[in-house]
Amino acid sequence: TGNNVTRLLEAHKARFSAFEIPAEKLGATETADYLSVNVRIVYKSIILTSTKGKPVLCLIPGDRVVDLKKVATLVGEKKVAVTSLQEAEKLTGLQVGGISPLALIHKGFKFLIDSSIKDHQDIHISGGQRGLNLRINTTDLIEILHPQIADISKPALTESDPD
């Protein structure tokens, strides 16, 4: 019942557990509620593009948003932008809600993971298809992805926050 992502993890002897979740597009908060885990350990994949560089996949805690200025600086660009859902699907070949960095290892993406990953032994990420969520050991994930780990997120603005 595996897919390419779970087979990759097995090949790397990574410590992970697979969870079946509803197959519609769930956000990090819905996923956390469904799995009864803290949203801070449900990491979401955000696809960014820049003017000249390769696409960037940012893995950030579910309760935060990407800090575009920090990411642009990290990748040496003036500006980066979050892709539309359609663009993300076109760039990754995956459905939004099922985008996993592990499914994109040889697809020319640069991987950035928020430095908060160091606070957790395991995090939840998408398993590369809707309806599949993985809890994965963070050390194993980092060894497989070779990401840049940096402070790339900021608190999500609530309605009452000024711009």
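**Reading the model, feature by feature**

Tutor: Let us begin with exposure: His-146 is exposed, with a relative accessible area of 65%. Exposed means over 50% relative accessible area, buried under 20%, and partly exposed in between, with a 1.4 Å probe and protein chains only. Please note that this is a predicted model, in which local features need pLDDT of at least 70 and side-chain atom pairs count only at pLDDT 80 or more, while totals for chains, interfaces and linings use all residues. Residues are numbered from 1 along each chain as its sequence is written, and side-chain values use heavy atoms, with hydrogens and water left out.

Student: How many helices and strands does the protein have?

Tutor: There are five helices and ten strands. The radius of gyration is 15 Å, close to the 15 Å that the globule rule gives for 163 residues, so the protein is as compact as a globular protein of that length. The radius is taken over C-alpha atoms, and the rule is 2.2 Å times the number of residues to the power 0.38. Of the 163 residues, 45% count as buried.

Student: Which residue caps the N-terminal end of H3?

Tutor: The cap is Asp-67, with a side-chain oxygen 3.2 Å from the backbone nitrogen of Lys-69. Just after H3, Gly-76 takes a positive phi of about 70°. Within the helix (residues 68-75) is Leu-74, which is partly exposed, with a relative accessible area of 30%.

Student: What does Leu-74 contact, leaving aside its neighbours within four places in sequence?

Tutor: A contact means heavy atoms within 4.5 Å. On that basis, and with those neighbours left aside, Leu-74 is in contact with Leu-112, Gln-148, Ala-150 and Ile-152. The C-alpha atoms of Leu-74 and Asp-151 are separated by 9.7 Å, although the two residues are 77 residues apart along the chain.

Student: Is Ser-153 buried or exposed?

Tutor: Ser-153, in strand S10 (residues 153-155), is buried because its relative accessible area is 1%. Its side chain makes a polar contact of 2.5 Å with the side chain of Arg-64, and another of 2.9 Å with the side chain of Asp-114. A polar contact is a pair of N or O atoms within 3.5 Å; within protein, one must be able to donate a hydrogen and the other to accept it, and residues adjacent in sequence count only if both atoms are side-chain atoms.

Student: Why does Thr-6 count as buried?

Tutor: Thr-6 counts as buried because its relative accessibility is 6%. This residue is found in helix H1 (residues 4-11), and a polar atom of its side chain lies 2.8 Å from the backbone nitrogen of Asn-3. Not counting residues up to four places away in sequence, Thr-6 touches Phe-16, Leu-132 and Leu-134.

Methods. Helix = DSSP H or I, 4+ residues; strand = E, 2+ residues; numbered from the N terminus.
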